[in-house]
Amino acid sequence: MTSFVTRSSSTLESLTQSRPKVDIELTGQTEGFVSSYTTKDRIEGTAVITVDRDTRFDDVEITFEGTSRTSVERVAMPGRTGAYQTFLRLRQPIEDSAYPMPRVLEAGRTYKFPFTFVVPDRLLPHVCSHAKTNAHVERSHTLLPPSLGDPMLANDGKSLLNDLAPDMCRISYLIRVSVQRKPENAPSKALASVGKKVRIIPAVDEEPPLNIADDDSYCIRKEKDVKRGFMRGKLGRLVVASSQPKPVQLCPPNSEATDSVSTAATVHLRFDPVGNEEPPRLGTIWSKLRVSSLFSAEPWGDYPSPRNVPWAQIGQGCYTETVPLSTMCVASAHWTKHTSPRGLSRCDSMESTSSSESLTGPSASFTGETYYTASVVVPITLPKTRAFVPTFHSCLISRLYCLELSISYHTPNANILTPTATLKIPIQFTSRSRSDAKTKGSEHEITQHEVNAEFFSPRSVAPPTLVQVAPPEYSENQGPILPPDRSIDLMSTARLPRVNAGSVGTAC
């Protein structure tokens, strides 16, 4: 009889219990757009809770969460595989005095719980606990990745933008508020759980140049025979080369760009004639940006590249879009003539220190006498109709950029097709922190008095006074990467609009 009454009371309570209404208000949020933050930014707001009728509860949980999801279509067999990972969960502590006594939400009253989170720059080491074949991978995988793949998040505060990511991979951040109830002898349940998305673009520093010695996805030097015309002899051999340019530095979210040109690449050219021929007349140089999103159903053990992700049936995928950047006529480029002693095909020790000389060394047909050189500077300006994120590598998802430079040239006789030479150069995208933006150009000059005060003043060795402040907790319950058979909530089938990857170069 007692058991029957207890179950009836529990059933009646579940039927009559009110579902709390939760609203998350972020400080400084723009109406209609998702709030954006970067490293060390404070995410401040208030969780507002109301009910239609009196509701018992035990606590309110406020967390800042980061998750990754991937989905890969299998080719060998029908179906799809994927993975899900919760790589970040910060918890806001709430004092008991902030709760009503007793723990009952009363109808007609509004309950507010403020919260503050600071965007970290790194993740806990146990997030990247999988097997690795490269010792440096763990450092990259424990850096905070940017928001990616959600079309409602990529914006400049004025309009929604395409971040060039497919629906097969997504990195999301949100503030979650849950009203918890803990029945006796039963696991706790959420009376209400609401999440509010935020966009995170972390500050990213420049990394060392990419080692592309064994990666045919890139080409920083190319040689081509310059022919007199169709089915005729050759005039000489053309060398086109370029080094990895300085990284493209993105501005922090919600800040205006200070300049339009992000970086520049220098194309070095060399022409080794067969005899006394003049170098070919240059035509047009156009630039494109190849944006590659790499994703996997298993954690990456090494740094991926578009070349080593060819098969979807092994649980890996690569999605690449091409963004046209600029078209520039270079017919007025000046060739400089050089003459070296006969039989001397190598540069002297002074010339070998020049980066352009090392890039455009003698071609295969150089005889050691006369050759010509030229250089063309290509400014790299990003279109404002796209949302770009920094270069990053996480356990499941990576983003890489490649700069494609194509230059055309003309030979004395008319050609049916204008010959071109194309380079594919790796380029990094970094993101500046807000502190760097504020202190740029305002370096502090250290005086002699400050030096004396630092090194000759007595020091205190007493322990510092600790201020008891309750920061958001870093939860130990961050989930591991789920295997493909346990992946949940895969992407929607709606794709982002693709960029027209057609050629934009025309001959002068």
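Q: What residue in β8 stands opposite Glu44, and how do you know that β8 is a strand?
A: Glu44 faces Thr116 in β8. Strands here are DSSP runs (E, at least two residues), helices are runs of H or I of at least four residues, and both are numbered from the N terminus. This is a predicted model, in which local features need pLDDT of at least 70, side-chain atom pairs count only at pLDDT 80 or more, and totals for chains, interfaces and linings use all residues. Residues are numbered from 1 along each chain as its sequence is written, and side-chain values use heavy atoms, with hydrogens and water left out.

Q: Why are β3 and β8 called paired?
A: Two strands pair if DSSP finds at least two bridges between them. Strand β3 (residues 42–50) and β8 are joined by 8 bridges and run antiparallel, so they count as paired. Thr46, for instance, has Pro114 in β8 as its bridge partner.

Q: What makes β1 and β8 edge strands?
A: The open sheet has 3 strands in the order β1-β3-β8, with antiparallel pairing. Both β1 (21–26) and β8 pair on one side only, and that makes them the edges.

Q: Which residues of β8 lie on its covered face, and which on the uncovered one?
A: In β8 (residues 111–118), Tyr111, Phe113, Phe115 and Phe117 form the covered face. Lys112, Pro114, Thr116 and Val118 form the uncovered face. In a regular strand, side chains alternate between the two faces of the sheet.

Q: How many charged residues line the second largest cavity?
A: Its lining has 4 nonpolar, 4 polar and no charged residues. Asp, Glu, Lys and Arg count as charged, Ala, Val, Leu, Ile, Met, Phe, Trp, Tyr, Cys and Pro as nonpolar, and the others, Gly among them, as polar. Ser68, Phe87 and His141 are among the residues lining the second largest cavity.

Terms used:
Buried < 20%, exposed > 50% of the residue type's maximum accessible area, 1.4 Å probe, protein only. 1 Å grid on protein atoms, 1.4 Å probe; cavity = no way out; pocket = protein on both sides within 12 Å on 5 of 7 lines; lining within 4 Å.
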